[in-house]
Amino acid sequence: MPKEGCPAMKKIAVLTSGGDAPGMNACIRAVVRTGTSSGIEVMGIMRGFQGMIDDEFIVLDSQAVSNIIQTGGTILKSARSEEFRTPQGRKKAFDNLKQHNIDGLVAIGGDGTFRGANAFISEYGFPIVAVPGTIDNDLYGTDFTIGYDTAINTAMSAIDNIKDTANAHNRVFFVEVMGRDSGFIALRSAIATGAEAVIIPETPTDIASLAQQLKDNYDRKKRASIIIVAEGDECGGAFKIAQKVKEHNPEFDTKVTVLGHIQRGGRPTCMDRVLASRLGMEAVRALLNGTSGVMIGQLHKKIAHTPLVKAIKHNVTVNPLLVEMVNILA
Ligand code: F6P
């Protein structure tokens, strides 16, 4: 039942924006099927906010989302739209929503998506409910974002492989994982693979003491090491850090592997599929109930609504105990 004074919605739209994340398709499916089972029409907008500006709307019925729950990527495609940052771009987008008689929107994405959605709500009062979809897990208001679990499992499995060859050759490997501004992927994958060290933007990086720690290991005949580097660390990426460590320890046989976009693709894990389905379903229910301007997350196993402004402005901190764990268990 919509809140008092809210007209009932007849048609909603869904889009995916920013970096894609495994589980986005499961979320789209949940949005469409919750919508259709509530008796409303659902449209998909291709290429995120850019498709909203360029009038790329498609009809999504229940059948259109069959057989996608297990697939990575996003059937709606994704983009980072510069034009949507301008009032002129947002005006075109609004006109297209009106032309298609869209009453509300579910936006699946990360921080950039939420900023765009928030600007749009402020200007046009258009109802939008957001769902956290990013492998980075860097959003306030949810324990996990859609795609994070799959990404850390992908990273873990790749690092396991690297560990075999690192041991075989007594090499010091610097493995760079994604995380533009955050070290969540780095931290979890470091714990899960028993890495010797983790380098993340949330904690200061001391190259000299890292080099010394690895030298101590080396002198104790522990010749193979894995150091996980978050791409967003203030000292630069894995190549720069490996070079600096090598300057301290020229005897090391150092190697660098950048995992890159393999972390963004692949079949979503069970956890991501279930999370995406749950958040997508709740997003539609919230929208139909007259809610707008919130991100639907999951905190301590319960659904949580966080105002978009809060989700955007808050920094998400890593648990210092997990950082300590890497060092103690290494
Ligand atoms: O935000 C998700 C993310 O994968 C970051 O970890 C990474 O820095 C960025 O997207 C890469 O973006 P793009 O694919 O546009 O280069």
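How do helix 3 and helix 4 stand to each other: roughly parallel or roughly perpendicular? I kept in mind that this is a predicted model. I looked up the angle and found about 75 degrees, with the axes 11 Å apart. An angle of 65 to 115 degrees counts as roughly perpendicular. Helix 3 and helix 4 are therefore roughly perpendicular.

Next I checked which residues meet. Helix 3 (residues 87-99) and helix 4 (residues 111-124) are the pair. From helix 3 I noted P87, R90, K91, A93, F94 and L97. They meet A119, F120, E123 and Y124 of helix 4. By class, I have seven nonpolar and three charged residues in this contact, and no polar ones.

I found seven strands in an open sheet, ordered 3-2-1-4-5-10-11, and the pairing is mixed. Strand 3 (57-59) and strand 11 (302-307) each have a single partner strand, so one side of each lacks a neighbour in the sheet. From one strand to the next, the twist averages 30 degrees.

I108 stands opposite V131 of strand 5.

Which strands does helix 4 touch? I noted strand 4, strand 5 and strand 10 (294-299). The direction of helix 4 makes about 170 degrees with that of strand 5.

Last, I followed helix 9 (residues 270-288). Helix 9 lies across strands 1, 4, 5, 10 and 11. To strand 10, helix 9 runs at about 140 degrees.

Methods: Residues numbered from 1 in each chain as written. Predicted model: local features only at pLDDT ≥ 70, side-chain atom pairs only at ≥ 80, totals over all residues. Heavy atoms only, no water. Axes fitted to C-alpha atoms, helices over the stretch in contact; angles between N-to-C directions. Helix = DSSP H or I, 4+ residues; strand = E, 2+ residues; numbered from the N terminus. Parallel < 35°, antiparallel > 145°, perpendicular 65-115°, else oblique. Contact = heavy atoms within 4.5 Å. Nonpolar A, V, L, I, M, F, W, Y, C, P; charged D, E, K, R; others polar. Pairing = 2+ DSSP bridges.
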